[in-house]
Amino acid sequence: MHIDNFATGDSLLHRLDPRVKIVVAILFSVVVAVADRYGCLATAVCLALTLLFLARLSLREVFLRLLVVNAFIVFLWLFLPFTYGGEKLFSIGPLDATREGIIYALLITVKSNTIVLALIALLATSPVVTLGHALSHLYVPDKLIHLLFFTVRYLQVLHLEYDRLRDAMRIRAFKPGTNVHTYKSFAYLLGMLLIKSFDRADRIRKAMLCRGFHGKYYLLSHFELQRVDMIMLVIMMLLVSGMASLQWIILK
Amino acid sequence: MHISEGVLSAPVLVTGAALTVAGVAVGLKKMDYEKIPQVAVLTSAFFVASLIRVPVGPSAVHLVLNGLLGLILGWAAFPAILVGVALQGLLFQFGGLTTLGVNTFIMAMPAILCYYLFGRGIGHKHSGVAMALAFACGFFAILLSSLLLALCLIFTGESFLQAAKVLVLAHLPVMVLEGVVVAFCLAFLMKVKPELLGATHAAG
């Protein structure tokens, strides 16, 4: 399993202090999620695209990610144009599509994709472990951070374990289909995976006790805000507050 | 089972976030440092399991397994699901920051309810009863999750009503599937490693 696909790279955004990126990502998402004015959203789209450009990621990869993310949005498109009410635009059989409904669906699509693009540019450009580290500096509870660290640490290990079990099934000519045998086999696979994890967790706990673990995870490296981090933080905060003012102050 | 960014209204997002903060706080309080590796490794196991594509007729679905997660982890399911949802957001861009609370609550709340409703029943000495309860646990967890998801949409706007109804109906096969998988899985665990189901309860 590949994790941190976008995290390798040497762009400005890859090098930016993860604390700055997290703070900006949160504020940006919140403003866009509740915004409904075109001025604000247009600025947001431009900002998200600029960030994506700065992150210098493979556009093909980003596009593939977006496709998957839009499954839910496509589902909403099947309903919203017909159920929103308003001025009738065209009809398919007994269903009337309204202008307002289509605009609303379009609005949701733009908002959703803008946020995801910004999140890819800002957050996916740091390894998850680095983000966890940054979160611990942003006053997220210790236990939650530990949970995140351990989960990420064992994700790949357990995925290998899963691959092994799956290979064992394949060797025995297992072909998934819609039948009880398949579901039973998957249930046993899951059970085996849980048992193996449970035993592994016990070994980890003992190993940690041997090394004197008493509930504190020492972080060896600390972040330092460089001048470029401060400049980027100020610029992006100004842009996000600009977006917010376009939404709530101007044109009211 | 994720709601994308930019869909829900601010009141729904804020309510979801507040409820998740409360649930996670309780979960963290009940989970001492000793238990962190155990909860984390099981969280990764569930994360990996949720990547399995299980065929249902012509299409395939992913398992959610929040009912089983609740049974095994108790209140620790709340932080575990939060971490799972956050990782799905970070690694695959499923869900995002503003929907983190709502999406966590949609899956974690049924997990906790399953823990209280079925936690004692699954050890029933009559294996038929135990399996029926395990099926009910898997079924109920998805039913409740899809209802919560539908409610989030309906509270956002009346126009989502049709979409919400269809979403719940579309989850019916998933409910049955999850019930079957959880039933078989629990029967297997009770035979092979019954202490797995008791161990984390002591902490939660």
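This is a predicted model: local features need pLDDT of at least 70, side-chain atom pairs count only at pLDDT 80 or more; totals for chains, interfaces and linings use all residues.
Which residues in α2(B) meet which residues in α4(B)?

Select helix α2 (residues 36–49) and helix α4 (residues 77–92) of chain B. Helices here are DSSP runs of H or I with at least four residues, strands are runs of E with at least two, and both are numbered from the N terminus. Show the side chains of B:V39, B:T43, B:F46 and B:F47 in α2(B); they meet B:A80, B:V83, B:G84 and B:L87 in α4(B). Residues are in contact if their C-beta atoms, placed from the backbone, lie within 7 Å. The axes of the two helices come within 10 Å and cross at roughly 45°, so α2(B) and α4(B) are oblique to each other. Oblique covers the angles left over once those under 35 degrees (roughly parallel), over 145 (roughly antiparallel) and 65 to 115 (roughly perpendicular) are taken out.

Next, select chain A. It has 11 helices and 2 strands, in the order α-α-α-α-α-α-β-β-α-α-α-α-α. Its C-alpha trace spans about 65 × 60 × 30 Å along the principal axes.

Now show both chains. Here 65 residues of chain A are in contact with 54 residues of chain B. On the chain A side, α10(A) gives the most, with 18 residues; select 180–210 of chain A to see this helix.

For selections, residues are numbered from 1 along each chain as its sequence is written, and chains are lettered from A and ligands numbered from 1 in the order in which they are written. Local features need pLDDT of at least 70 and side-chain atom pairs count only at pLDDT 80 or more, while totals for chains, interfaces and linings use all residues.

How values were computed: Two residues are in contact if their C-beta atoms, placed from the backbone, lie within 7 Å. Axes are lines fitted to C-alpha atoms, for helices over the stretch in contact, and angles run from 0 to 180 degrees between N-to-C directions.
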